[in-house]
Amino acid sequence: MTSRITTPSRAGVFAAVLVAALSTAQTASAQPKPVAATQETMDIGDEPGRVSTEEVSITEGPFARQMVLFRSNEPPGTVIIQSAERFLYVVQGNGRALRYGIGVGREGFQWSGQVQVSRKAEWPDWRPPPEMLQRQPYLPRFMAGGPGNPMGARALYLGSTVFRVHGTNQPETIGEAISSGCFRLANGDIADLYERVPLGTKVIIRHKASL
């Protein structure tokens, strides 16, 4: 008995190929498509509600409050902020200054200039400016002053700017470039500075020390 091999017609081959192609396309469309990786850049967030009491100070290391040698032609009482060094100085005269460790503005939020202390507040309320809310929409629109407020125990308002020298409920950030342009101190240190600095005090902000 002779075996017979049936050869499909040309039309049949075309139909089979078409069916296979459609089946492959449907299977491919059913598979989840890979999503291109996106890099999210987020601001380093404040922590509303995290409690830090008025007594918290930096007591050890270079950022501890201390009297240091400091050469300046500015009169005693002047506040000088050296952002690159992460220090705030209150000029004492006789080549000395009281130095505080601070947190400063991160890259793109650093600034320099000369202003005066235009307002002082104890346990200030916090109203994030619109620019900050645009970057961090999860922040509250208003937060009353208190130990859980990111503004901390005290605030010195700098001229007509939106920037302040203030406390923080994140004392571990002292010495870092983390803020949106304000200068932060541990609560115990800003409370000490608050008592030493009257309204109208000259404040000089520099990126680096000048010779």
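**A buried helix and its sheet**

Helix α3 (residues 187-196) has 8 of its 10 residues buried, so the rest of the structure largely encloses it. Here, buried means under 20% relative accessible area, with exposed over 50% and partly exposed in between (1.4 Å probe, protein chains only). Helices (H or I, at least four residues) and strands (E, at least two) are DSSP runs, numbered from the N terminus. This is a predicted model, in which local features need pLDDT of at least 70 and side-chain atom pairs count only at pLDDT 80 or more, while totals for chains, interfaces and linings use all residues. Residues are numbered from 1 along each chain as its sequence is written, and side-chain values use heavy atoms, leaving out hydrogens and water.

As for who is tucked away in α3, the buried residues are Asn 187, Gly 188, Asp 189, Ile 190, Ala 191, Asp 192, Leu 193 and Tyr 194. Their cover includes β3, β4, β6 (113-122), β7 (154-158) and β8 (164-166), where contact means heavy atoms within 4.5 Å.

Now for the sheet. It is open and mixed in pairing, with 9 strands in the order β1-β4-β3-β2-β11-β6-β7-β8-β10. Its edges are β1 and β10 (183-184), each of which pairs on one side only; two strands pair if DSSP finds at least two bridges between them.

Strand β4 (residues 96-101) is itself largely enclosed by the rest of the structure, because 5 of its 6 residues are buried. It runs antiparallel to β1 (residues 66-69), joined by 4 bridges, and Val 68 sits opposite Ala 97 in β4. With β3 (residues 87-93), β4 pairs in the antiparallel sense over 6 bridges, and Gly 93 stands opposite Arg 96 in β4. The β3-β4 hairpin has 2 residues between the strands, and Asn 94 takes a positive phi near 55° there.
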